[in-house]
Amino acid sequence: MAVDRGKTDTRAAAGPAHGQPPANPRGGAEAGAYAFERESFDWAPVGLAYVDRCGRFLHVNRRMCALLGRGAAELVALRFQDITHPDDLAGDLDRMVQLLAGAIDAYTFDKRYLRPDGSVLRARLSVSLARAADGSPLH
């Protein structure tokens, strides 16, 4: 899941991103490459999140936290359904069902998120599904 909402400097965001990133499948020399990929995720200039099949946030980056006005620890205790505007939820869930069924490979969707201060964040969401070699969803 990636969310982009324009330019905001989040370099001063406090603390590291939270949640459990995917396990490091690499050992030895490839461990350095994995660390680079993880840092790239955590410091990306767009909001990124790993989400499980039920919609629960597994790992979020700093930009996602800044956009949604929530700390990483709070987000990983939520599902995207909990913070999606009610008028946008059905469309998002319909696309997710299609994605999980293999009917589509990815989707992009303009939606609104509810922030804890009562404001609404309009964002363009891009979603793809990581699959194992046998085609089953990884998350």
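Of the five residues of strand E2 (47-51), four are buried, so this strand is largely enclosed by the rest of the structure; strands here are DSSP runs of type E with at least two residues, helices are runs of type H or I with at least four, and both are numbered from the N terminus. A residue is called buried when its relative accessible area is under 20%, exposed when this is over 50%, and partly exposed in between, as calculated with a 1.4 Å probe on protein chains only. The model is a predicted one, in which local features need pLDDT of at least 70 and side-chain atom pairs count only at pLDDT 80 or more, whereas totals for chains, interfaces and linings use all residues. Residues are numbered from 1 along each chain as its sequence is written, and side-chain values use heavy atoms, with hydrogens and water left out.

Strand E2 runs antiparallel to E3 and is joined to E3 by three bridges, where pairing requires that DSSP find at least two bridges between two strands. Val51 stands opposite Phe57 of E3, and the two strands form a hairpin with five residues between them, in whose turn Gly55 has a positive phi of about 100 degrees.

The buried residues of helix H1 are Tyr34, Phe41 and Asp42. They cover an arc of only 95 degrees around the axis, which puts them on the same side of H1, the arc being that of the directions from the helix axis to the C-beta atoms. Their cover includes strand E2, strand E3 (57-60) and helix H2 (62-68), with contact taken as heavy atoms within 4.5 Å.

Asn61 is placed in the loop between E3 and H2 and, at 0% relative accessibility, counts as buried. A polar atom of the Asn61 side chain lies 3.1 Å from the backbone oxygen of Phe41, and the backbone oxygen of Val46 lies 2.9 Å from a polar atom of that side chain.

The structure holds seven salt bridges, each defined as a side-chain nitrogen of Lys or Arg within 4 Å of a carboxyl oxygen of Asp or Glu. Among them, Arg70 is joined to Glu74, with the closest N and O atoms 2.7 Å apart; Arg70 counts as buried at 13% relative accessibility, whereas Glu74 is partly exposed at 36%. Another salt bridge joins Lys111 to Asp92, with 2.6 Å between the closest N and O atoms. This pair links distant parts of the chain, Lys111 lying in strand E4 (residues 106-114) and Asp92 in helix H5 (residues 86-101), 19 residues apart. Both Lys111 and Asp92 are buried.

Conventions
Polar contact = N/O pair within 3.5 Å; in protein donor to acceptor, adjacent residues only side chain to side chain.
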